[in-house]
Amino acid sequence: MNVTWHQLPHALPVKTRATATNEQSRTSEGTSFQTALQDAQKTNPITISKHAKTRIEERGITISDQDWLRVSEKVKEAHTKGINQPLVITDNAALIVSGKNHTVVTAMAQSEMNDRIISNIDGTIIVKPSLDL
């Protein structure tokens, strides 16, 4: 059996879907989607899932803007230490936060925290109330 190898001419580079997507993700100013997303996360540091928003409203949980910022900072800090699903305890609530995407997954009022087992967390953050001076 004789095997003959034929050299094919080199084709022009083909634009793959990944290449096209990367090029399309650039905005008119030349910044990437990733950069725009990071900028948005800086201005809006933590998001609340629809489920958590419903729980917060139903349970009458109030958290000041200053405390939300502190929660966000502590979640970022915990994420740098390898904590990806922290339980955040404030003066009037407990929040489960996804550290990967900075989203509050669910919330519980302080009055509901008696005799509870909380699973699927890998760290705890305690945020004391801010003092308005």
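1. I48 counts as partly exposed, because its relative accessibility is 38%. Buried means under 20% relative accessible area, exposed over 50%, and partly exposed in between (1.4 Å probe, protein chains only). I48 is found in strand β1. Helices (H or I, at least four residues) and strands (E, at least two) are DSSP runs, numbered from the N terminus.

2. I48 touches K53, I56, W68, T103 and V104, leaving aside residues up to four places away in sequence. Contact means heavy atoms within 4.5 Å. I48 and T103 lie 55 residues apart in sequence, yet 5.3 Å apart in space, C-alpha to C-alpha.

3. This is a predicted model: local features need pLDDT of at least 70, side-chain atom pairs count only at pLDDT 80 or more, and totals for chains, interfaces and linings use all residues. Residues are numbered from 1 along each chain as its sequence is written, and side-chain values use heavy atoms, with hydrogens and water left out.

4. The protein averages a pLDDT (the predictor's confidence in each residue, from 0 to 100) of 78, and 64% of the residues score at least 70. Over residues 23-28, pLDDT stays under 50. The model has six contacts for residues 23-28 beyond four places in sequence.

5. In helix α4, D67, W68, V71, S72, V75 and A78 are buried. They lie on the same side of α4, because they cover an arc of only 145° around the axis. The arc is that of the directions from the helix axis to the C-beta atoms. D65, E73 and T80 are exposed on the other side of α4.

6. The cover over the buried residues of α4 includes α3 (50-58) and β1 (47-48). G82 follows α4, with a positive phi near 90°.
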